[in-house]
Amino acid sequence: MPLDNPHLSSLEMRVTHSRWQVLKRGGLVLLCLAWVALGLVGHAPWKGEDARTIVIAWEMVNTRDLLVPSLIGEPYFTYGPLAPQLAALTMKMATSWLAPHDAARLAAGLLLLVMLGCVSMAGYELSRYRKNSDKSDGKAQRWLPMLILVGSVGLFERAHQLSPQLGLMAAVALGMWALALALRRPGLAGVLLGGALAMGAFSYNLTVWFWLLLPAVLLPCLHSGWRQKPYLATLGIALVLAVLLYALWPLGLYQRSPELFAQWWAAQSPSAWWGGQRIVEQLGWLGRNLPWMAFPIWPLIAWMVWIRARGFNGGFRTPQVILPACVAVIGMVALLLMPDVRPIEAMALLVPLALLASIEVETLPRGGSAGLDWFGILTFGLAAIVLWFFWWDAYLHGLGSYAAELFRDAEVGYQPTFHLRSALVSLFLTILWILLVRPARQSNQRAVLNWAVGMMLIWGLVATMWMPYIDSRRSYEVVAKMLRPYAADGCMASRDVGEAQRAIFYYYAQVKTLPEREAAATCPLLLVQYGAAGSRNVPELEGFEMLKSGSRYGDDTEMYVLYRKAKS
């Protein structure tokens, strides 16, 4: 019997809808993969955790020792070994077609993928407990937290540098997924939570247990869903598994050498991570930096608070609000107690905040979502025009003085070279952004998507067209080459030279620099770093003769001068 027309029409609509959903999900996956991949390769190790972690991984490969992380030949226990271990493995596998530092940074991409995947699963799991929810809410919560993170200003550049803090972010996301899953599958949740605690400790340090264990203990006091006997099994499994997994590393260190174990134990001192006397100062830091790092997260959280305070969708007494809010508050306390908080340390706080921000996106008033959408279109559109214009002008005539004044530290006269692959990627991203933000059916999800695509566009243009210029400003390779001829003259003491710079010099020139207080009497060479004032007029040092001086291209904030002890 042939199908009647209404049935055929309904069938065609379901098939079309199914195909559209597959394409939509594929597009979102490609968006997240592109955001992760852009900027991982194509630049030197940059000052900070990126340089330190890459050099530790490089030494692991050279020494074939994954157990003991070392920096410039000395054991390094400030952070756990997981990030450099992953980087050493990717470096070993990919150095045939990538530079060692680019191959190492692939590990950052892996940690980002784990973080995005776990925050997606946490959002989906928590959406089960939203009142008056349907299947479409769960599907939206799979993508909204990820898109909000991709669009966060605080992750614009730092998330693409290799660092132990990426391991902390992934561990927090995995732990939140586990705590959400504990309401339904306590056994599996215990395994995942134990893995999160071990991952965080291996990547960062034991303070990750403060981020996750304290919320896990407080949750039964906040909601009856976690006030069940199976939840005790979740905590028990997690603690046993975490202790057993993490104990493998210090036990391996002790078996290798009791001195190594003693150095590791000394690095775990609470005074190294907790500085409660600076709480007021750290609170001011968060007040100044969190608003821009967590944009556009905080306006969405403000709307969620407004809606839930009025009693809609279950108010605040739902797992969807309680879990991320609890982790976010504990995370803020952890940051306040740190002796020195930096933007890279605060990245992990964006994970629970993104989950909070995604809760009430669907209930945004049309004017609010349209405002966010148009603000993003105008902001990213103008930024893309500026980036394209200045690149084209610099390519034809060299970077002008007006651009130097606009960007403050730009190098006047810089003329980029044309790379077909970078140009094609930049052009593709620009066309893709234009197609995606074209006038279409307005929706709250679309506003969040357009913001994430706009952030990916700007980061993509920076990571392709402008990366050679930025790398020339941040790379210390030229300074390392200045030092290389003197590496065989004996040990080299250093004064006011940062740990990251010393690591980069060792990576590029195999020059081991020692702090002056340790090697002033024995080393014939002395490397001094001067700031902006000293770079204009290099001073002479009594008892030393100057050999070389240099700095990064276009950088007037640092000057490196190499001295040799004068013969008496």
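A charge sits over a ring if NZ of Lys or CZ of Arg is within 6 Å of the ring centre and within 35 degrees of the ring normal. The structure is a predicted model, in which local features need pLDDT of at least 70 and side-chain atom pairs count only at pLDDT 80 or more, while totals for chains, interfaces and linings use all residues. Residues are numbered from 1 along each chain as its sequence is written, and side-chain values use heavy atoms, with hydrogens and water left out.

**Exercise 1. Find the rings over which the charged ends of Arg474 and Arg142 sit.**

Step 1. For Arg474, the ring is that of Trp46, with the charged end 4.6 Å from its centre.
Step 2. For Arg142, the ring belongs to Tyr124, and the distance to its centre is 4.1 Å.

**Exercise 2. Classify the ring pairs Tyr79 with Tyr204 and Phe389 with Phe390.**

Step 1. A pair of aromatic rings is described by the distance of the centres and the angle of the planes. Rings of Phe, Tyr and Trp (its six-membered ring) pair if their centres lie within 6.5 Å; planes under 30 degrees apart count as stacked, over 60 as edge-to-face and the rest as tilted.
Step 2. A search of the whole structure gives 28 aromatic pairs. In one of them, the centres of Tyr79 and Tyr204 are 5.4 Å apart and the planes stand at 35 degrees, so this pair is tilted.
Step 3. Helices (H or I, at least four residues) and strands (E, at least two) are DSSP runs, numbered from the N terminus. Tyr79 is in the loop between strand E2 (74-75) and helix H3 (82-94), and Tyr204 is in the loop between helix H8 (186-203) and helix H9 (208-222), so the pair ties together parts 125 residues apart in sequence.
Step 4. Tyr79 and Tyr204 are both buried (under 20% relative accessible area; exposed is over 50%, partly exposed in between; 1.4 Å probe, protein chains only).
Step 5. Phe389 and Phe390 make an edge-to-face pair, 5.5 Å centre to centre with 65 degrees between the planes. Phe389 is partly exposed at a relative accessible area of 46%, whereas Phe390 is buried at 8%.

**Exercise 3. Describe helix H10 (residues 229-256).**

Step 1. The expected span of a helix is 1.5 Å times one less than its number of residues. H10 has 28 residues and reaches 42 Å from its first C-alpha to its last, close to the expected 40 Å.
Step 2. H10 bends by about 30 degrees at Leu248, and Pro250 follows within four residues. The bend is the angle between axes fitted to the seven residues ending at a position and the seven starting there.
Step 3. The buried residues of H10 include Tyr231, Leu235, Tyr246 and Trp249. Their cover includes helix H7 (164-181), H8, H9 and helix H11 (258-267).
Step 4. Tyr246 and Trp249 also belong to a cluster linked by ring pairs, with Phe77, Phe202, Tyr254, Phe261, Trp264 and Trp265.

**Exercise 4. Locate Pro324 and list what it touches.**

Step 1. Pro324 lies in helix H14 (residues 319-337) and is buried, with a relative accessible area of 0%.
Step 2. Not counting residues up to four places away in sequence, Pro324 touches Leu126, Met176, Pro319, Pro352, Leu355 and Leu356; contact means heavy atoms within 4.5 Å.
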